[in-house]
Amino acid sequence: MARGAVGPGRGFGRGKVILLGEHAVVYGQPALAAGLGIGVTVRAEPADVDSLAIPAWGVAEPITAAVTAIKQALEIAAPFRLEGDARVPSRAGLGSSAALAVATTRALAEAIGRALTDVEIERTADRAERVFHENPSGVDVALATRGGFGLFRRGVGLEPIVAPPLRLAVGLSAEPRSTAAMVAGVRAIADRTPVQRAIAALGELATAGRDALADPAALGPLFDEAHRLLQILEVSTPALDELVVSARAAGALGAKLTGAGGGGAVIAVGNEEEVVAAWHAAGFEAFVTEVGA
Ligand code: PMV
């Protein structure tokens, strides 16, 4: 494509689950995370005016602000019509905003004929993530860009981990929540000693989880302990606790909230089909998925 010319572009960004270490990762602790098989695909078409449509989500104002941030980072002045095919639920702690940011970055870069490295994609998508909360650790965009499994540390990036795909049950609390509000809530209590201890312990669990990835019986108890620590951070809710308790009653080896909390999703390992059946019976939306593939 001639320099300055624009054409159509298409890009994909993956959803993610944080297996261990959410919130602690904002404070420099490691987080263990995995890419989902599902995510967001964005198509970009040159147009007369900028527009964005994501039928599966509806479109909220912060999303358009995020697209503007990406366009500025890529120095794109030309208007585009963007269409998103979202297969990951929004605002559920499954990395939907990062998936959209990475997909949009890839689509717009292709539309202007610019090849970006993974590091450049992450840096650009991070500008959009800052629209959603001012202090993102970067774990979401790293997984949205690269997938697989990884141990992420702020300022260091993603250390990829080779492990077989992991089956998880994912249950949705159906409570909408804001990552920004949850991160701010933890910051407000971060000077309390029990909270500081919980943050350090969550980081240790993430490191321990790396060696337990291939062994659900070892991973399960780490999930249980992480959920207890996240309760100390005050990011769980009655619905998330109910999902965790009913997963264990249905035979899960361990269960925890994933992502920012305050609503969103719970993940459980072991007896996944039974766990999902129990969640459905209790009226929650839920599915089994493989992560890290
Ligand atoms: O709920 P999500 O998908 O927005 O994940 C947020 C993860 C946090 O650790 C709470 C924040 C961050 O920037 O890492």
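**View 1. Strands E2 and E4 pair in the antiparallel sense.** Seven bridges join E2 (residues 31-46) to E4. Two strands count as paired if DSSP finds at least two bridges between them. Strands (E, at least two residues) and helices (H or I, at least four) are DSSP runs, numbered from the N terminus. Within this pairing, Glu45 has Arg81 of E4 as its bridge partner. This is a predicted model, in which local features need pLDDT of at least 70 and side-chain atom pairs count only at pLDDT 80 or more, while totals for chains, interfaces and linings use all residues. Residues are numbered from 1 along each chain as its sequence is written, and side-chain values use heavy atoms, with hydrogens and water left out.

**View 2. Strands E3 and E4 pair in the parallel sense.** Ser51 stands opposite Arg81 of E4.

**View 3. E4 has a covered face and an uncovered face.** The strand spans residues 80-86. Phe80, Leu82, Gly84 and Ala86 form the covered face. Arg81, Glu83 and Asp85 form the uncovered one. In a regular strand, side chains alternate between the two faces of the sheet.

**View 4. Helix H3 is kinked at Asp126.** The kink is about 25 degrees; the bend at a residue is the angle between axes fitted to the seven residues ending there and the seven starting there. Buried residues of H3 are Ile121, Glu122, Thr124, Ala125, Asp126, Ala128 and Glu129. Buried means under 20% relative accessible area (1.4 Å probe, protein chains only).

**View 5. The ligand is surrounded by 18 residues.** Each has a heavy atom within 4 Å of the ligand. The closest are Lys16, His23, Ser137, Thr179 and Ala260. An N or O atom in the Lys16 side chain is 2.7 Å from a ligand oxygen. For a polar side-chain atom of Thr179, the distance to a ligand oxygen is 2.6 Å. Ala260 places a backbone N or O atom 2.8 Å from a ligand oxygen. Taken alone, the ligand exposes 380 Å², and the protein buries 95% of that (Shrake-Rupley method, 1.4 Å probe).

**View 6. Glu22 sits in the loop between E1 and E2.** Strand E1 covers residues 9-20. Glu22 counts as buried because its relative accessibility is 1%. Leu202 is 180 residues away along the chain, yet the C-alpha atoms of Glu22 and Leu202 are separated by 7.9 Å.

How values were computed:
Buried means under 20% relative accessible area, exposed over 50%, partly exposed in between (1.4 Å probe, protein chains only). A polar contact is a pair of N or O atoms within 3.5 Å; within protein, one must be able to donate a hydrogen and the other to accept it, and residues adjacent in sequence count only if both atoms are side-chain atoms.
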